[in-house]
Amino acid sequence: MVSLNSDRTVAKVGAGNNWYDVYKVLDPLGISVVGGREAGVGVGGLLLGGGISYFSGRYGWGCDNVLNYEVVLANGKIVNASPYRNAALYWALRGGSGTNFGIVSRFDLGAFEQGLLWGGNRFYLWDNKDVLVDTFAKFIVDAPMDEFAHLYISFGYNIQLGGFAGIAGPAYGRAISNATIFEDLNKIPVLFDTTHIASMGVLAVELNQTDFLRKVESFPQPSHNCAKIDTSHESQLGDVFSGYGQKSLTRLKVVQKKYDPTGVFKRLQPGYFKL
Ligand SMILES: Cc1cc2nc3c(=O)[nH]c(=O)nc-3n(C[C@H](O)[C@H](O)[C@H](O)COP(=O)(O)OP(=O)(O)OC[C@H]3O[C@@H](n4cnc5c(N)ncnc54)[C@H](O)[C@@H]3O)c2cc1C
């Protein structure tokens, strides 16, 4: 289920969708949400782990834009969690690694008007890795000046090239190619370049067909008021919760005890990080 309310500000998204399912419905309406960049990634895991989006420079992480969660609790009750109902659970779900509190069955997401945008991938010879890193470092400093800009770089083995390559994923949240902020990136000679102006759904499908080994991300971030680490990208880091700070960690455990007192999800739901 993906539906938009009548004033086009809230998209209700069933947790079983992937991001292509979402963009397929919203793109033709000229609307988008702060969601995943790749078509096949699930709505549930991405939003419960943080959620980095092409639109994060403007609106923050995916979890910052969840207005309400419909959640199935360990006792079988279905509740809503928002700033107005079950507010502590709402706080915890926004970045507290979702597999600790319940099964989310629907996400109500803040929606916004969005036309076509620019994005894609550029592949570089391995010899250009240093200039790519330097350009990325400079972009990080400049990015806060342009909230529409987004860039990640990645290094990996590319089967088609038969060797290691550098990859950049620039994106711009408007239908503008090669915006000024990408001036330095545009100077690096590319092997091939898939950037173009397209809908979110088209870009997400194209990105799904590209393989990466290691990604480094940057986008300007609005301030956040919930304790979180993007756990969706931290799977190899072990104890991510120590980074939340003791106060937030204690608060998360209190919420867990209240909503799942016997630890059903801790024991029976695999994946992500357990409190
Ligand atoms: C190719 C690729 C591209 C990616 N791109 C991005 C990106 O653009 N931005 C970003 O932030 N991250 C991105 N990620 C990371 C991604 O967000 C995480 O891998 C995330 O865990 C994927 O969620 P899923 O639902 O597909 O996976 P799953 O493995 O199904 O879920 C991950 C965990 O969340 C739990 N879970 C899922 N749904 C629910 C639910 N409804 N209620 C409770 N628990 C639930 C599952 O039990 C599991 O433990 C990407 C990952 C890949 C592999």
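Which residue forms a salt bridge with D21?

I noted at the outset that this is a predicted model, in which local features need pLDDT of at least 70 and side-chain atom pairs count only at pLDDT 80 or more, while totals for chains, interfaces and linings use all residues. Residues are numbered from 1 along each chain as its sequence is written, and side-chain values use heavy atoms, with hydrogens and water left out.

I looked up D21 and found K24 as its salt-bridge partner, with the closest N and O atoms 4.0 Å apart; a salt bridge here is a side-chain nitrogen of Lys or Arg within 4 Å of a carboxyl oxygen of Asp or Glu. D21 and K24 lie 3 residues apart in helix 1 (residues 19–26), so about one helical turn separates them; helices are DSSP runs of H or I with at least four residues, strands are runs of E with at least two, and both are numbered from the N terminus.

I then checked accessibility, where buried means under 20% relative accessible area, exposed over 50% and partly exposed in between (1.4 Å probe, protein chains only). D21 is partly exposed at 22%, and K24 is partly exposed at 46%.

Next I examined D193, which forms a salt bridge with R122 at 3.1 Å between the closest N and O atoms. This pair links distant parts of the chain, 71 residues apart, with D193 in strand 12 (residues 192–193) and R122 in strand 9 (residues 122–125). D193 is partly exposed at 36%, whereas R122 is buried at 4%.

I also recorded D108 and R106, whose side chains meet in a salt bridge at 2.7 Å, N to O, and which are both buried.

My search of the whole structure gave 9 salt bridges.
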